[in-house]
Amino acid sequence: MDSRQLKWVYLTVLALVWGSSFILIKKGLVGLTAIQLGSLRIIFAAVFLLLVGFKSLAKIPQRQWKYIALTSLFGTFTPAYLFAIAETQIDSSITAILNSLTPLNTLVIGAVIFGIQFQRRQIFGVFIGLIGCLLLVFNGALSHPEQNYYYAILVVIASLCYAINVNLIKRYLPDLSSLSITTGNFAVLLIPSIVILSFTGFGEVMHDEKVQNSILYIIILGVVGTGIANVLFFKLIQMSSPVFATSVTYLIPIVAFFWGFLDNESLTPIQLLGAFIVLIGVYLSAKK
């Protein structure tokens, strides 16, 4: 399979995995606080990656560790907590929708800060996808006035972090393997996450049955939805472009809607229309 076909396979797998992450966060919050959830997500992912990718750390040149630290901050650490906090107030499917702002932010940051050139069709595709995203968001706000949509700002900030992250990887870490980047990220984050978790009172509640059930969801989220998915994502960035790679966030809401529907989150015809428009945007932004 050549790289043109493989990048679409990676995009599809990531959409399925990350689209399922939002419902896992929702289930995890049943027994955990947002800070506990964010910390455990990073810790489980870090332990898994260090077990399978510890040797890859030796391939990271000393001069590139500063970029590894930066990508860990923007690509994992900050979003892990912001998404968890946001979902204490808004639906998992709405959080996934707002995450679709990432390609637009990647385009703007890439062009303004990193000087990356984009084709006119890609720019048009990103804006088409944004229109679909706005349809989904505004209709969701009208359908659920009881939810505190100020927390949606946290998701927007997380999408900005992702946009900075993919541009950093494309510019400064193109020659490192995806496993080296991912393992390096979580090696940097492991100790800070343990320290943060220790201040949340987790040790006093970890034997509660409800907490233990939530931990199982976060193990899946940490190992599959964070550890393995990040390896695939960094590989996708390296073999394509930042805009194409972050187009996965256009597909994520479709998967998140499915899980949200099964969990009694509402889905309106206008949201379905918005999802279709989003898919058109993905096609246009990715087409050469």
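In the predicted model, residue S20 is buried, its relative accessible area being 17%. This value falls under the 20% limit below which a residue is counted as buried. S20 is part of helix 1. When residues up to four places away in sequence are set aside, S20 touches V255 and W259.

Helix 1, which covers residues 3-28, also carries W18. The ring of W18 is paired with that of F233: the ring centres are 5.1 Å apart and the planes meet at 70°, so the arrangement is edge-to-face. Because W18 belongs to helix 1 and F233 to helix 10 (residues 209-239), the pair ties together parts of the protein that are 215 residues apart in sequence. Both members of the pair, W18 and F233, are buried. F233 takes part in a further pair, with F234; here the centres are 6.3 Å apart and the planes stand at 45°, so this pair is classed as tilted. The angle of 45° lies between the limits of 30 degrees for stacked and 60 for edge-to-face rings. F234 is buried, as is F233. Together, W18, F233 and F234 make up one aromatic cluster. In the structure as a whole, 7 aromatic pairs are found.

G31 is located in the loop between helix 1 and helix 2. With a relative accessibility of 17%, G31 counts as buried. Its C-alpha atom is 7.5 Å from that of N213, although 182 residues separate G31 and N213 in sequence. Beyond its neighbours within four places in sequence, G31 is in contact with K210, V211 and S214.

L57 is situated in the loop between helix 2 (34-53) and helix 3 (65-86). The relative accessibility of L57 is 16%, and the residue counts as buried. L57 and T182 are 125 residues apart in sequence, while the distance between their C-alpha atoms is 9.5 Å. Residues up to four places away in sequence again being left out, L57 touches L50, W65, T183, G184 and A187.

At the level of the whole chain, the protein contains 13 helices and 0 strands. The radius of gyration is 18 Å, close to the 19 Å that the globule rule gives for 288 residues, so the protein is as compact as a globular protein of that length. The C-alpha trace spans about 55 × 50 × 35 Å along its principal axes. Of the 288 residues, 55% are buried. Among contacts between residues at least 6 apart in sequence, 90% join residues at least 24 apart.

The surface and the charged side chains complete the description. The protein exposes about 12800 Å², and carbon and sulfur atoms supply 69% of this area. There are 17 positive and 10 negative side chains in the protein. The centres of these two sets lie 22 Å apart.

Technical notes
Residues numbered from 1 in each chain as written. Predicted model: local features only at pLDDT ≥ 70, side-chain atom pairs only at ≥ 80, totals over all residues. Heavy atoms only, no water. Helix = DSSP H or I, 4+ residues; strand = E, 2+ residues; numbered from the N terminus. Rg over C-alpha atoms; globule rule 2.2 N^0.38 Å. Buried < 20%, exposed > 50% of the residue type's maximum accessible area, 1.4 Å probe, protein only. Contact = heavy atoms within 4.5 Å. Areas by Shrake-Rupley, 256 points an atom, 1.4 Å probe, with all protein chains shown as cover. Lys, Arg positive; Asp, Glu negative; His and termini not counted. Charge placed at Lys NZ, Arg CZ, Asp CG, Glu CD. Phe/Tyr/Trp six-rings, centres within 6.5 Å; stacked < 30°, edge-to-face > 60°.
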